[in-house]
Amino acid sequence: SRLVVADVAGSDEELVERAGVPAGVRDVVRRRLARLPDATREILQAAAVVGREAELEPLRVVADRELERCLDDLEPAITSGLLIEVPDAPATFRFAHALVREVVLEELSTLQRARLHLRAADAIVEIGGDTDDNAEILAAHLWAAVSLGHRGRAAGALERAAAVAVRRLAYESA
């Protein structure tokens, strides 16, 4: 792993993807995940789709849980070290390593992943509104859910995200 880090610069996620992590390491992560309650694995799936970090409120909405149940379901993932609380970001959780998130995502079918992406897009709009600040991430989630038949919504979100990016670049250039 040190050799990979020395040879290639990038984020943890990029390094995991490029390194071709051995199947044995993935199996260890899968075994750790298998020991968790079903509800905890489900919330980890929602968190994996949300991103490397997930704030509690959007995660709760994506996972379709009441706050107390969401916290109860998160607890085993935190105590097992698969999720960590983000310092200086209250009620925000991060996967301890990009490999954990990748293994969780691999366990999802394409349809399950698309459904969770659609829920994530809906959660973004519900919680933060359809704002310029959310345009890029909203477009990414809707694009990932396009197989569910929301092509028009995804196309509109992608165009809006592009327009926001152009405006921001124009502002910086000016």
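**Overview of the chain.** Of the 174 residues of the protein chain, 36% are classed as buried (under 20% relative accessible area, with exposed meaning over 50% and partly exposed in between; 1.4 Å probe, protein chains only). This is a predicted model, in which local features need pLDDT of at least 70 and side-chain atom pairs count only at pLDDT 80 or more, whereas totals for chains, interfaces and linings use all residues. Residues are numbered from 1 along each chain as its sequence is written, and side-chain values use heavy atoms, with hydrogens and water left out. The protein chain has 10 helices and three strands (DSSP runs numbered from the N terminus: helices are H or I of at least four residues, strands E of at least two). Along the sequence these elements follow the pattern α-α-α-α-β-α-α-β-β-α-α-α-α. Of the contacts (heavy atoms within 4.5 Å) between residues at least 6 apart in sequence, 61% join residues at least 24 apart.

**View 1. The open sheet of three strands.** The strand order is β1-β3-β2, with antiparallel pairing (two strands pair if DSSP finds at least two bridges between them). Strands β1 and β2 form the edges, each pairing on one side only. On average, neighbouring strands of this sheet are turned by 30° against each other, direction ignored. Strand β1 (residues 53–55) is joined to strand β3 (residues 92–95) by three bridges, and Glu53 stands opposite Arg94 in β3.

View 2. Strand β2 (residues 83–85) pairs with β3 in the antiparallel sense over three bridges. Within β3, Phe95 is the bridge partner of Leu83, and Arg94 is that of Ile84. Six residues lie between the two strands of the hairpin, and Asp88 in the turn has a positive phi of about 65°.

**View 3. Helix α5 against helix α8.** The axes of α5 (residues 56–63) and α8 (residues 110–128) come within 8 Å and cross at roughly 130° (axes are lines fitted to C-alpha atoms, for helices over the stretch in contact, and angles run from 0 to 180 degrees between N-to-C directions). The two helices are therefore oblique to each other (angles under 35 degrees count as roughly parallel, over 145 as roughly antiparallel, 65 to 115 as roughly perpendicular and the rest as oblique). Residues Glu57, Pro58, Val61, Val62 and Ala63 of α5 make the contact with Leu116, Arg119, Ala120, Ala123, Glu126 and Ile127 of α8. By class, this contact of α5 with α8 holds eight nonpolar, no polar and three charged residues (Ala, Val, Leu, Ile, Met, Phe, Trp, Tyr, Cys and Pro count as nonpolar, Asp, Glu, Lys and Arg as charged, and the others, Gly among them, as polar).

**View 4. Helix α3 against helix α7.** Helices α3 (residues 23–34) and α7 (residues 98–106) pack at an angle of about 75°, with their axes 10 Å apart. They are therefore roughly perpendicular to each other. From α3 the contact involves Val25, Arg26, Val29, Arg30 and Leu33, and from α7 Leu99, Val100, Glu102, Val103, Val104 and Glu106. These residues divide into seven nonpolar, no polar and four charged.

**View 5. The surroundings of Thr40.** Thr40 lies in helix α4 (residues 38–50). This residue is buried, with a relative accessible area of 1%. Leaving aside neighbours within four places in sequence, Thr40 is in contact with Asp73, Pro76 and Ala77.
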